[in-house]
Amino acid sequence: MKKISIAFAACMTMSAAALAQPEPPPGAPPLALPEGAEPQEPAVHQDSAGRLTAFARKVRAEKGCAAAAPAFRVIAGMGEGNEAAQHELGECLLDIEGANATETALFRQEGVFWLTRAAYAGNARAQRRLVTEMAAPSSALHDPKAALQWALVYAKNPTSDLYGYKTLPPTLVPGLEKEIGPEKSAQARALAQAFAPVTLAKFEGPKRERQKSGERSPGAEPGTRCRPG
C-alpha cells in the first residue's frame, strides 16, 4: 500500500505542472477585500512557480524579507509570467538591511533592478512603488522626472483598476510637473506615451521525454497507473 501511495503521489506531482490558476476576466470589477487588507497580485502560472510564490509569501509573512528573498529570487529569475515575484523581491530588497553599508547598497541596487523589470513588464504595483519612491525627496531613489513618467504609465495601466490597487494622489502629477519644469515634463509625457511592455525572457526547462507505451514511471509498481480521482 505504501509503495502504491508513493507511485500515485509521483503521478500527481507530474500532473500538477499542467495546472494553471485563472486570472480575472477582462472588464471584471475590482476584487472585494476585507477592510484594511492590501490587494495581492495573482500567483504566477508556469510549472511549480505558483507554489513557490505562495511559499515565499508565507516565509515573508512569518520571518521577514531577508528570509524570503532567496525564494523570490528563484521565481523572479524565471522571467515572463513571474512579474509578481519580481515586484515582491524588489520591494523586499529596498527594506533589507545588510551586514554592512556595502551589502545594504547592493540590496538597494538589486531592488531597483527587479522593481524596474516588473514595472516595464506592466506590473502595476511595481510601477506604483517606483512612483512613490522616486517622488519622495527623502528617498535614495529620488528622481522627479522618472516619477512623473511612471505616474503617467501607471494611470493608464488597466490592471491597477482590475485588482483594486490604490490610485495616486491627485496633486502628485501637477506637483512633479511644477518641480521639474515644462521641458522635462514634456519629455516624461513623451516617454510615457511611447511606453511598451518589455519582459524578461521566460525560463524554459528541459523537456521531459515521453514515456514509451508500457514503461513505468520511476517508483511505480507494475500494474499501477495514474487514475483521475
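Q: Buried means under 20% relative accessible area, exposed means over 50%, and partly exposed lies in between (1.4 Å probe, protein chains only). What makes Cys65 count as buried?

A: Cys65 has 15% relative accessibility, so it is under the limit for buried. This is a predicted model, in which local features need pLDDT of at least 70 and side-chain atom pairs count only at pLDDT 80 or more, while totals for chains, interfaces and linings use all residues. Residues are numbered from 1 along each chain as its sequence is written, and side-chain values use heavy atoms, with hydrogens and water left out.

Q: Why is the pair of Cys65 and Cys92 called a disulfide?

A: The S to S distance between Cys65 and Cys92 is 2.2 Å, and a disulfide is a pair of cysteine sulfur atoms within 2.5 Å, so the pair qualifies. The count by this rule is 1 disulfide. A disulfide is a covalent bond between the sulfur atoms of two cysteines.

Q: What is the handedness of the disulfide of Cys65 and Cys92, and why?

A: It is left-handed, because the torsion about the S-S bond is about -70 degrees. Cys65 is in helix 3 and Cys92 in helix 4, so the pair links distant parts of the chain, 27 residues apart; helices (H or I, at least four residues) and strands (E, at least two) are DSSP runs, numbered from the N terminus. Cys92 has a relative accessible area of 0% and is therefore buried.

Q: Why is helix 4 called largely enclosed by the rest of the structure?

A: In helix 4 (residues 83-93), 11 of the 11 residues are buried, so the description applies. Among them are Glu83, Gln86, His87 and Glu91. The buried residues pack against helix 2 (49-63), helix 3 (65-76), helix 5 (101-120) and helix 6 (124-135), where contact means heavy atoms within 4.5 Å. The buried residues of helix 3 include Cys65, Phe72 and Ile75, and what covers the buried residues of helix 3 includes helix 2, helix 4 and helix 5.

Q: What makes a set of residues a nonpolar core, and which members of the largest one touch the most other members?

A: A nonpolar core is a set of buried Ala, Val, Leu, Ile, Met, Phe, Trp, Tyr and Cys residues joined through side-chain atoms within 4.5 Å. The largest has 30 residues, of which Met134, Leu148 and Trp150 touch the most other members. Helix 7 (144-155) is among the helices that each supply at least two residues of this core, and its share, 8 residues, is the largest. Apart from this core lies another of 18 residues, including Ala49, Cys65, Phe72 and Met78.

Q: How do you know that Phe113 and Trp114 form an aromatic pair, and what type is it?

A: Rings of Phe, Tyr and Trp (its six-membered ring) pair if their centres lie within 6.5 Å; planes under 30 degrees apart are stacked, over 60 edge-to-face, and the rest tilted. Phe113 and Trp114 are 4.9 Å centre to centre with 75 degrees between the planes, so the pair is edge-to-face. Phe113, at 42% relative accessible area, is partly exposed, whereas Trp114, at 10%, is buried.

Q: Why is the pair of Trp150 and Phe195 said to tie together separate parts?

A: Trp150 lies in helix 7 and Phe195 in the segment after helix 9, so the joined parts are 45 residues apart in sequence. The ring centres of Trp150 and Phe195 are 5.8 Å apart and the planes are at 70 degrees, so this pair is edge-to-face. Ring pairs link Tyr120, Trp150 and Phe195 into a cluster.
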